[in-house]
Amino acid sequence: MAAERLKDLSQPIDVPLLDATVAAFYGTGSKEERATADQILRYLQNNPDMWLQVVHILQQTKSLNTKFFALQVLEGVIKYRWNVLPVEQRDGMKNYISEVIVQLSSNEASFRAERLYVNKLNIILVQILKHDWPARWQSFIPDLVAAAKTSETICENCMAILKLLSEEVFDFSRGEMTQQKIEELKQSLNSEFQLIHELCLYVLSASQRIELIRATLSTLHAFLSWIPLGYIFESTLLETLLKFFPVPSSRNLTLQCLTEVASLNFGDYYNVQYVKMYNIFMVQLQTILPPTTNIPEAYAHGSGEEQAFIQNLALFFTSFYKFHIRVLESSQENISALLMGLEYLINISYVDDTEVFKVCLDYWNSLILELFDSHHNMGNPAVTANMMGLQVPLLPGIVDGLCAQLLQRRRLYAGIMSKLRMLMICRMAKPEEVLIVEDENGNIVRETMKDNDVLVQYKIMRETLIYLSHLDHEDTEKQMLKKLSKQLSGEDWTWNNLNTLCWAIGSISGSMMEEQENRFLVMVIRDLLNLCEITKGKDNKAVIASNIMYVVGQYPRFLRAHWKFLKTVVNKLFEFMHETHPGVQDMACDTFLKIVQKCKRKFVIVQVGENEPFVSELLSALATTVADLEPHQIHSFYESVGHMIQAESDPHKRDEYLQRLMALPNQKWGEIIGQARQSVDFLKDQDVIRTVLNILQTNTSVASSLGTYFLSQISLIFLDMLNVYRMYSELISSSIAEGVPFASKTSYVKLLRSVKRETLKLIETFLDKAEDQPQIGKQFVPPMMDPVLGDYARNMPDARESEVLSLFATIINKYKAAMIDDVPRIFEAVFQCTLEDSG
């Protein structure tokens, strides 16, 4: 192929041929041509002499892809070999790159047409600077500034180069340069910044070109986080920036610059300048975005630029207040501008955009925490003074003054706090995502999504609302009940509004005095029940019902104190367990479990005016209550009842309750084992296997809540369970041994394995939860040695269950001393074969 000629670098490279090769690589050729082109281009890229052809290629080619290929070769040399090149070669390349940049950016037409190429050349120049400046190119900044003054397009490109240089030195340098080199470059930029500063101010005061102004503002934004503060506060820079804020084309970039300034925090030295900047900003903002604007609506219908403006505004306010809110609080004339800014931020917080809301929420949370801490430590003036940044001797007069100041501060923010409560109520995140999913074995299981974004947001909002509630219980209560009455009147009724309101009501549980909380909760439940009565439609009623369940489940203290209410709630949950509307049964079972865990003692004592404990009444009607539940819901129900039984202190009653609870699954288990004794093939039927799995899962659920007290039940089924385990294990092994491809993946084998895993899980759950009683270990471990351990050792690698390792790890941890004699046997059974598998 002709392109092979390119490999001879002893003469100037054939540029048209290189163009054709690059074009073939980028897809104009056939697959074979592309592969050949790739191989040649790789060869050229790796050839140490190729870089000497770069100038020749750039001068001759018209193809942007070829130019980029040549610059890529050059970039590699600059990165890895620049310092070992002869001085004249380095200087030649440096001058050539500079000349091309100046030539292309000196005229508007070529600068716009060749923009991508110029950007790449800028990057190359900055890579050279990282090696040569300042030591070997001291005149760089003066030269650049001088060139910038010759033409507006050159100036625009010089701004782009300066921005790149700042980013390289301050943002991306870690890992690419030594710490010493980074410090040297930072020092040079600092010492020569006066020229850059003058250039930026000159452009902003003299130029009318939008592109140049935007490039200058963008460069300033990159510099503001590190330049000496005098350049910001002791020059006309802030005034100049504020002039550009009202101009639509430069508004967002100006706002980013102002936010960068707002994020700087160097004590009180520049307080006067910050106050002046804020006040001018607020006057201008009212013209750009009048305070009466519906910001969430404007955002929803706004252009990309307008949406970015709202995002930047949120960042400006939160940055400014984080560091400088105290100085705005300190004088009456600034307070109205401060409160107006906080009103803007409240309105921005309603914008339907997760990132904008996160920015606002983060600030609101820190402000509330600070206000709450000062309020909380009112009785401890030393802590308060420290939080307010005061270093003063705490004499009685000063203490009184501090308390007065705190009360004044709380009063100052009372209106904003009230609006903030409503914001938290309207936007409360979902507390916890519970999904019903199918696991790898085809079983329906419940899965709780932890640590996702929504849950993190809920935790922050909940914390914020609890602090807000502590600061003013009455207002919190009033806001919530007002919102609820709007649901009742239909003025504000939507599923989402009701959900967020109920999540908010649930989130503040425990933040009020008990008496106040009781009164509040009674009003909430009464209104929700009324809402359920007057609302038509099965879907609507289901949403209201699930919210009633959620709220009730969040207030265990109230339930424990009011038995009749608790009993009514639980009976209502039992009714919901027959309601087949999607999600209602799950919610009922979840809430039942949550309530029982918090109130279990109440269910095992005979309440006033009743003949038997509630648990006994429940067990009598058990079959009817669970009749319409899915298997995973029945397991949750059984776990709940297990918690009740666990709270019974009389061993006889406890065993009797357990026996009654397990009567249904035990009866079914007895039938299956009886049939299996007649004919072992009965156990091979898929429906029977599913029933066995379901019975084992029910047992595991009860074992998880009963612990040691599950002993009588597991003893009843233990040996039969091991026999079933052994038999299913043999069935799995024979299916896999028969060599059917993917036998271990068939639904039948998966189902058998589910039974084995559930057996192991049940035993592990019981042994793990049981109190440390050596006789339990002695009773349960020896019978497992052959059916479980022996089976693991004998099995084919594909048929082994990893849960066996987990189970025996639990056993050894739990029953250390009692297991000493069995440890060698356990190791022998699991170690050798497991290591062989992994080998």
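**View 1. Glu329 and Arg409 are both buried, where buried stands for a relative accessible area under 20%, exposed for one over 50%, and partly exposed for values in between, as found with a 1.4 Å probe on protein chains only.** The model is predicted, and for that reason local features need a pLDDT of at least 70 and side-chain atom pairs count only at pLDDT 80 or more, whereas totals for chains, interfaces and linings use all residues. Residues are numbered from 1 along each chain as its sequence is written, and side-chain values use heavy atoms, with hydrogens and water left out. Glu329 and Arg409 form a salt bridge whose closest N and O atoms are 2.8 Å apart, a salt bridge being a side-chain nitrogen of Lys or Arg within 4 Å of a carboxyl oxygen of Asp or Glu. This pair links distant parts of the chain, since Glu329 belongs to helix α18 (residues 304–329) and Arg409 to helix α22 (residues 396–427), 80 residues apart. Helices (H or I, at least four residues) and strands (E, at least two) are DSSP runs numbered from the N terminus; the protein chain has 41 helices and two strands, and buried residues make up 51% of its 839 residues.

**View 2. A salt bridge joins Arg209 to Glu108, with 2.7 Å between the closest N and O atoms.** Because Arg209 sits in the loop between α11 (193–206) and α12 (210–223) while Glu108 is part of helix α6 (residues 108–113), the pair ties together parts that are 101 residues apart in sequence. Arg209 is buried at a relative accessible area of 17%, whereas Glu108, at 36%, is partly exposed. In total, the structure holds 37 salt bridges.

**View 3. Asp453 and Lys358 meet through their side chains in a salt bridge of 3.3 Å, N to O.** Here too, distant parts of the chain are linked, with Asp453 in helix α23 (residues 453–471) and Lys358 in helix α20 (residues 354–376), 95 residues apart. Lys358 counts as partly exposed, its relative accessibility being 31%. Elsewhere, salt bridges that share partners join Glu108, Arg112, Arg115, Glu156 and Arg209 into one network.

View 4. The contact is made by Phe193, Ile196, Cys200, Val203 and Leu204 of α11 together with Leu212, Ile213, Thr216, Leu217, Leu220 and Phe223 of α12, where contact means heavy atoms within 4.5 Å. Their axes come within 10 Å and cross at roughly 145 degrees; axes are lines fitted to C-alpha atoms, for helices over the stretch in contact, and angles run from 0 to 180 degrees between N-to-C directions.

**View 5. Phe281, Phe317, Tyr321, Trp364 and Phe592 touch the most other members of the largest nonpolar core, which has 265 residues.** The largest share of this core, twelve residues, comes from helix α37 (residues 711–737). A nonpolar core is a set of buried Ala, Val, Leu, Ile, Met, Phe, Trp, Tyr and Cys residues joined through side-chain atoms within 4.5 Å. When residues up to four places away in sequence are not counted, Phe281 touches Leu242, Phe245, Leu255, Leu258, Leu313, Phe316 and Phe317.

**View 6. Cys158 is buried, at 4% relative accessibility, and the structure holds zero disulfides.** The sulfur of Cys158 lies 6.3 Å from the closest cysteine sulfur, that of Cys155, which is too far for a bond, a disulfide being a pair of cysteine sulfur atoms within 2.5 Å. Another cysteine, Cys360, is buried with a relative accessible area of 0%.

**View 7. Thr500, found in helix α25 (residues 495–507), counts as buried at 3% relative accessibility.** Leaving aside neighbours within four places in sequence, Thr500 is in contact with Ile425, Cys426, Arg427 and Met428. Among contacts in the protein chain between residues at least 6 apart in sequence, 72% join residues at least 24 apart.
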